[in-house]
Amino acid sequence: MSGPATGAPRGETVPSRARPSVLATHAVLACLGGFFFLGSFSYPWTTVEDGTVGPGALPRVAGLALLLIGLAMLRREMRTGTVLEGDGHVEEEAERTDAERGTVRRKLVVVSAALVATAALIPFLGMLPALAALTLFLTIAVERLRWPVALTASLGVLAVCYLLFAVLLRVPLPLGVFDPALWGAV
């Protein structure tokens, strides 16, 4: 069963059989996810006192996701095999120029500094505005996107994080200057 591989250069074909090392890796991931999923049932999904997310929620969701992803990857490998860069089936990428290496280093430093700055801003701005500001900065400074696109991405991150953490999971997030208790004391 040979055919073009997803993400492989044109002209490359997928191996006709599954590779045992890749199958073993995917099986280990699926088993690890299964163990976390099953083990999470010894913890409550919600806390009894206030009904918020309990200690069993994260390992149950993450374990189930890892189990399903591992099984899907196992199925794909058994059906078609895979071609991955650097595994001998694809030609190695040409060496990067000095300018490209410099750009990669610059981006790494900028992203690292932005993450540290965001962590420092969380007590003042709150978690959600700090993440939105980080997204806005990275999309403009690192990815060089236009302002409207960057602003849309930033607002999207803000909305998704709010809906996921504040509404769905009811996680108490740091509010910073947006904390009503802070303004009530003034």
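Which side chain does Arg-19 meet in a salt bridge? In this predicted model, the partner is Glu-77, with N to O at 3.9 Å. The cut-off is 4 Å, and the pair falls within it at 3.9 Å. Arg-19 sits in the segment before α1, and Glu-77 belongs to helix α2, residues 57–80. They are 58 residues apart, so the bridge links distant parts of the chain. Both Arg-19 and Glu-77 are buried.

A search of the whole structure finds two salt bridges. The other one joins Asp-98 and Arg-101, whose closest N and O atoms are 2.4 Å apart. Here both residues lie in helix α3, three residues apart, or about one turn of the helix. As for accessibility, Asp-98 is exposed, at a relative accessible area of 59%, while Arg-101 counts as partly exposed at 31%.

Now to the packing of helix α3. How do α3 and α4 pack, by angle and by distance between axes? Helix α3 covers residues 98–125 and helix α4 residues 127–142; the angle is about 160 degrees, and the axes are 8 Å apart. Angles over 145 degrees count as roughly antiparallel, and α3 and α4 are therefore roughly antiparallel to each other. Their crossing is right-handed.

On the α3 side, the contact residues include Val-110, Val-111, Leu-115 and Ile-122. On the α4 side, they include Leu-134, Phe-137 and Leu-138. Of the residues in this contact, 14 are nonpolar, one is polar and two are charged.

Definitions and conventions: Residues numbered from 1 in each chain as written. Predicted model: local features only at pLDDT ≥ 70, side-chain atom pairs only at ≥ 80, totals over all residues. Heavy atoms only, no water. Axes fitted to C-alpha atoms, helices over the stretch in contact; angles between N-to-C directions. Helix = DSSP H or I, 4+ residues; strand = E, 2+ residues; numbered from the N terminus. Parallel < 35°, antiparallel > 145°, perpendicular 65-115°, else oblique. Left-handed = near helix turned anticlockwise from the far one by under 90°. Contact = heavy atoms within 4.5 Å. Nonpolar A, V, L, I, M, F, W, Y, C, P; charged D, E, K, R; others polar. Buried < 20%, exposed > 50% of the residue type's maximum accessible area, 1.4 Å probe, protein only.
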